[in-house]
Amino acid sequence: MTGELNRVLLITPKADFLKETMYAPPLGPLYLAAVLEAAGHEVRFLDLNRRPLQPEDLTGVSHVGISATTPVYPAAVETLKEIKQYGTQQLSQVVRTIIGGPHATARGSEVLKDGWDTVCVGEGEDVITEIVEKRQAGTIHGGWVKNLDTVPYPARHLITQNDYHRGKE
């Protein structure tokens, strides 16, 4: 670690097109959270399918990472705009933004034009700590996890497990 504590907020974008709420926790961001926590960073998680982003969610945050599939990518871009607005106008702080997930992997550098600071192509577990600590920008290639035994278990303590089960009203 660089000696500096980074506060990272990982977000799952709202999936308005789903008929029902998601029943499985978003493990991708929770794996990234576990990697960042193991490196000594403070991590928070927000599922926008559970509640909206609030300006106070960004207080003290150095980086926001969003994982998006192609169907939720437009919602991710709207969230990016909110982050930039809240960070600069309301909190007077710079929040670096990272996009990853299947859409970023498929589209690569093309998504930078939407205003992201960093796009992670491939899986981010091997590169997320370096992206945060070195404040890397542009397109970063994460490759693929070859051995899941090298990745910490998902940081499930960041979620309320009861939010992800059938029968919840």
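# Cores, sheet and salt bridges

The largest nonpolar core here has 24 residues, and those with the most contacts inside it are Ile11, Val64, Ile99 and Trp116. Strand S1 (7–12), strand S3 (63–67) and helix H2 (73–90) are the elements that give two or more residues to this core. H2 gives the most, with six residues. Please keep in mind as you read that this is a predicted model.

**The nonpolar cores**

- Let's start with Ile99, one of the residues with the most contacts inside the largest core. Leaving aside residues up to four places away in sequence, Ile99 touches Ile66, Ala68, Tyr73, Ala76, Ala104, Val111, Trp116, Thr118, Val119 and Cys120.

- Six strands make up an open sheet with parallel pairing, and their order is S2-S1-S3-S4-S5-S6.
- At the edges you will find strand S2 (42–47) and strand S6 (138–143), each of which pairs on one side only.
- Direction ignored, neighbouring strands of the sheet are turned by 20° against each other on average.
- In a regular strand, side chains alternate between the two faces of the sheet.

**Strand S3 and its partners**

- Is S3 largely enclosed or open? Four of its five residues are buried, so S3 is largely enclosed by the rest of the structure. Buried here means under 20% relative accessible area.
- S1 and S3 run parallel and are joined by four bridges. Ile11 has Ile66 of S3 as its bridge partner, and Ile66 is also one of the residues that Ile99 touches.
- S3 also runs parallel to strand S4 (residues 96–100), with five bridges between them. For His63, the bridge partner in S4 is Arg96.

**Strands S5 and S6**

- Strand S5 (residues 118–122) pairs with S6 in the parallel sense, over five bridges.
- Gly122 has Gly143 of S6 as its bridge partner.

**Salt bridges**

- How many salt bridges does the structure hold? There are nine. As background, side chains of opposite charge can pair when their charged atoms come close.
- Arg44 and Glu42 meet through their side chains in a salt bridge, at 3.8 Å from N to O. Arg44 counts as partly exposed because its relative accessibility is 27%, and Glu42 counts as partly exposed at 30%.
- These two residues also belong to a network of salt bridges that links Arg7, Glu42 and Arg44.
- Glu78 forms a salt bridge with Lys81, and their closest N and O atoms are 3.3 Å apart. Both residues lie in helix H2, three residues apart, about one turn of the helix.
- Glu78 is partly exposed, with a relative accessible area of 43%. Lys81 is partly exposed too, with a relative accessible area of 47%.
- Lys113 and Asp114 meet in a salt bridge between their side chains (3.5 Å, N to O). Is Lys113 buried or exposed? Lys113 counts as exposed, because its relative accessibility is 63% and the cut-off for exposed is over 50%. Asp114, at 29% relative accessibility, counts as partly exposed.

Terms used. Residues are numbered from 1 along each chain as its sequence is written. This is a predicted model: local features need pLDDT of at least 70, side-chain atom pairs count only at pLDDT 80 or more; totals for chains, interfaces and linings use all residues. Side-chain values use heavy atoms; hydrogens and water are left out. A nonpolar core is a set of buried Ala, Val, Leu, Ile, Met, Phe, Trp, Tyr and Cys residues joined through side-chain atoms within 4.5 Å. Buried means under 20% relative accessible area, exposed over 50%, partly exposed in between (1.4 Å probe, protein chains only). Contact means heavy atoms within 4.5 Å. Two strands pair if DSSP finds at least two bridges between them. Axes are lines fitted to C-alpha atoms, for helices over the stretch in contact, and angles run from 0 to 180 degrees between N-to-C directions. A salt bridge is a side-chain nitrogen of Lys or Arg within 4 Å of a carboxyl oxygen of Asp or Glu.
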